[in-house]
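Here is a report on the side-chain contacts of one protein model.

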Amino acid sequence: MSTQQEFTTKTCIVGSGPAGLSAAIYAARAALDPIVVAGSMYGGQLMITTNVENYPGFASPIQGPWLMEQMMQQAKNVGAQILQDDAVEIDYSTSPFVVKTSNKTVITTQTLIISTGASAKWLGLDSEAEYRGFGVSGCATCDAFFFKNKEVVVVGGGNTAAEEALHLAHHASKVTLIHRRNALRAEKILQQRVFANPKIEVIWNSVVEEILGQSQPKSVTGIRLKDMDGKVTDLKCDGVFVAIGYAPNTSLFLNSKNNPSIALDKFGYIITAPDSTATNIPGVFAAGDVQDRVFRQAVTAAATGCMAALEVERFLG
């Protein structure tokens, strides 16, 4: 049975992706004694990303998990305390705040940095999970380069899907957009760009039943589609981009009756002040994909993590 541990600190960081670990590095260097509640699975979305070519400072491709391991070690080296544990309850109704974890650890903290990220919505197919990172992706900006002159599929019908298809068209030889309805939900200007692009073809009223692939080398070879009449067809492709949206990981901050409400936008992302990571609650800051629905890149998440730590330092000063 776990024994309760108690800590007191100047800042507690919930989340351990690029935003959380960057915040930890800067906070530790500012002598803020940061405690990172990293989660039982640390590292964020980069832990399921294979080749990373767009993170500055590396001339050759690097592996996402390796990058996160380096960030984690760097945070430890400069003095951050990392708890491989899940936050299950946060009381920020009074100051100092109290964070409780699944291992019965209690952290009393003067400030809080929320960096819990966002999760790509997936189709929920076993084959999708099997080939994730091997031809199945949730981020065209991250992975489009690897499909230069290849045929790819985008699944979805909203703004995300349209934007992904247009971005991929700069790299791929052909982009097929699969939508389960007979009309896109994307903004009209995005729809016009999709329909005007000669590289993009749309297949309507169809859903992906299965991702097809091979084991040697492990890669996607196609998809199995089913239309609204039940007809099943196979479509050859080299990559599948699932673009049915993202969900910010904010449930932990919404389910306490005692806490004031953290302001969210209509998509569920935490609202921060202009040119700031400050939320509407004094002493609570948000960084990374949990407050960024536009860019969602590792480098932008790391940047806002830095901002949050600097703002915490000023707030405490």
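## Cysteines

A disulfide is a pair of cysteine sulfur atoms within 2.5 Å. The sulfur of Cys-306 is 19 Å from the closest cysteine sulfur, in Cys-12, and that is too far for a bond. The model is predicted; local features need pLDDT of at least 70, side-chain atom pairs count only at pLDDT 80 or more, and totals for chains, interfaces and linings use all residues. Residues are numbered from 1 along each chain as its sequence is written, and side-chain values use heavy atoms, with hydrogens and water left out.

How many disulfides does a search of the whole structure find? The search finds one. Cys-139 and Cys-142 form the disulfide, with sulfur atoms 2.2 Å apart. The torsion about their S-S bond is about 75°, so the disulfide is right-handed.

Buried means under 20% relative accessible area, exposed over 50%, and partly exposed in between (1.4 Å probe, protein chains only). Cys-139 is buried at 12%, whereas Cys-142 is partly exposed at 26%. Cys-237 is buried, with a relative accessibility of 1%. Cys-306 counts as buried at 16%.

## Aromatic pairs

A pair of aromatic rings is described by the distance of the centres and the angle of the planes. Rings of Phe, Tyr and Trp (its six-membered ring) pair if their centres lie within 6.5 Å; planes under 30 degrees apart count as stacked, over 60 as edge-to-face and the rest as tilted. By this rule the count comes to five aromatic pairs. One of them joins Phe-58 and Trp-66. Their ring centres are 5.7 Å apart and their planes stand at 85°, so this pair is edge-to-face. Phe-58 is partly exposed at 30% relative accessibility. Trp-66 is partly exposed too, with a relative accessible area of 37%.

Phe-147 and Phe-241 form another edge-to-face pair, 5.4 Å centre to centre, with 75° between the planes. This pair links distant parts of the chain, 94 residues apart. Phe-147 lies in the loop between helix 4 (140–143) and strand 11 (151–155). Phe-241 belongs to strand 17 (residues 239–242). Helices (H or I, at least four residues) and strands (E, at least two) are DSSP runs, numbered from the N terminus. Are Phe-147 and Phe-241 buried or exposed? Both residues are buried.

## Charges over rings

A charge sits over a ring if NZ of Lys or CZ of Arg is within 6 Å of the ring centre and within 35 degrees of the ring normal. Arg-132 lies over the face of Trp-122, at 3.9 Å from the ring centre. Lys-218 places its charged end over the ring of Tyr-131, 6.0 Å from the centre.

## Salt bridges

Side chains of opposite charge can pair when their charged atoms come close. A salt bridge is a side-chain nitrogen of Lys or Arg within 4 Å of a carboxyl oxygen of Asp or Glu. The whole structure has five salt bridges. Among them is the bridge between Lys-174 and Glu-201, at 3.0 Å from N to O. This pair links distant parts of the chain: Lys-174 is in strand 12 (residues 174–178) and Glu-201 in strand 13 (residues 200–203), 27 residues apart. Lys-174 is partly exposed at 31%. Glu-201 is partly exposed at 37%.

Arg-224 takes part in two of the bridges described here. Its bridge with Glu-210 has the closest N and O atoms 3.3 Å apart. Glu-210 lies in strand 14 (residues 206–215) and Arg-224 in strand 15 (residues 218–227), so the pair ties together parts that are 14 residues apart in sequence. Glu-210 is partly exposed at 31%, and Arg-224 is partly exposed at 28%.

Arg-224 also bridges to Asp-234, with the closest N and O atoms 2.7 Å apart. Asp-234 sits in strand 16 (residues 232–236) and Arg-224 in strand 15, so this pair ties together parts that are ten residues apart in sequence. Asp-234 is partly exposed, with a relative accessible area of 48%. Which residues do salt bridges that share partners join into one network? They are Glu-210, Arg-224 and Asp-234.
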